[in-house]
Amino acid sequence: MLILQELMTYVFLHPMIREKGGAYGSGCSISDSGIISLYSYRDPNCDATYENFEKAIAEVIDGKFSERELIEAKLLAF
């Protein structure tokens with residue numbers, strides 16, 4: 001779950017919501033009980049952010065990330 005959290009945050013959400021969308025920050029967090037939360041803050045494009053949340057989930061499920069991105073997510077998690 002830690003790897004998923006880092007993959008979602010730094011491969012999908014940060015580039016789409018922070019870099020392109022102009023939010024101050026965005027990411028994914030996973031609680032100890034397994035609840036997954038996607039968030040953004042100071043976000044000028046909330047509607048687009050919700051679409052990006054859905055897109056990020058779909059891309060992770062479809063495996064649309066590289067081996068390098070997966071390795072980087074593992075390094076961030078550990």
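Buried means under 20% relative accessible area, exposed means over 50%, and partly exposed lies in between (1.4 Å probe, protein chains only). This is a predicted model: local features need pLDDT of at least 70, side-chain atom pairs count only at pLDDT 80 or more, and totals for chains, interfaces and linings use all residues. Residues are numbered from 1 along each chain as its sequence is written, and side-chain values use heavy atoms, with hydrogens and water left out. Helices (H or I, at least four residues) and strands (E, at least two) are DSSP runs, numbered from the N terminus.

**Charged side chains**

- A salt bridge here is a side-chain nitrogen of Lys or Arg within 4 Å of a carboxyl oxygen of Asp or Glu.
- The count comes to one salt bridge.
- Glu72 and Arg68 form a salt bridge, at 3.2 Å from N to O.
- Glu72 and Arg68 sit four residues apart in helix H3 (residues 67-77), so about one helical turn separates them.
- Glu72 is partly exposed because its relative accessible area is 37%.
- Arg68 has a relative accessible area of 62% and is therefore exposed.
- Side chains of opposite charge can pair when their charged atoms come close.
- Glu59 belongs to helix H2 (residues 46-61).
- Glu59 is buried but has no salt bridge. Its nearest side chain of opposite charge is Lys55, 4.1 Å away. For charge, Lys and Arg count as positive, Asp and Glu as negative, and His and the chain ends are not counted.
- Contact means heavy atoms within 4.5 Å.

**Cysteines**

- A disulfide is a covalent bond between the sulfur atoms of two cysteines. The cut-off used is a pair of cysteine sulfur atoms within 2.5 Å.
- By this rule there are zero disulfides.
- Cys28 is in no disulfide, and the nearest cysteine sulfur, that of Cys46, is 18 Å away.
- Cys28 counts as buried because its relative accessibility is 4%.
- Cys46 has a relative accessible area of 43%, so it is partly exposed.

**Surface patch**

- Tyr24, Tyr39 and Tyr41 make a nonpolar surface patch of about 350 Å².
- Patches are made of residues with over 30% relative accessible area and no salt bridge; like charges are joined within 9 Å, and nonpolar side chains (Val, Leu, Ile, Met, Phe, Trp, Tyr) within 5 Å. Accessible areas come from the Shrake-Rupley method with a 1.4 Å probe, and for residues only the protein chains shown count as cover.
- Tyr24 lies in the loop between helix H1 (2-20) and strand S1 (25-30).
- Tyr24 counts as exposed because its relative accessibility is 52%.

**Loops**

- Arg42 is in the loop between strand S2 (36-41) and H2.
- Arg42 is not a glycine, yet has a positive phi of about 45 degrees.
- Most residues other than glycine have a negative phi.
- Arg42 is exposed, since its relative accessible area is 61%.
- Asp62 is in the loop between H2 and H3. With a relative accessible area of 52%, Asp62 is exposed.
- Asp62 and Asp43 are 19 residues apart along the chain, and their C-alpha atoms are separated by 27 Å.

- Ile3 is in helix H1.
- Ile3 counts as partly exposed because its relative accessibility is 24%.
- Ile3 and Ala77 are 74 residues apart in sequence but 5.6 Å apart in space, C-alpha to C-alpha.
- Leaving aside neighbours within four places in sequence, Ile3 contacts Leu70, Ala73, Lys74, Ala77 and Phe78.
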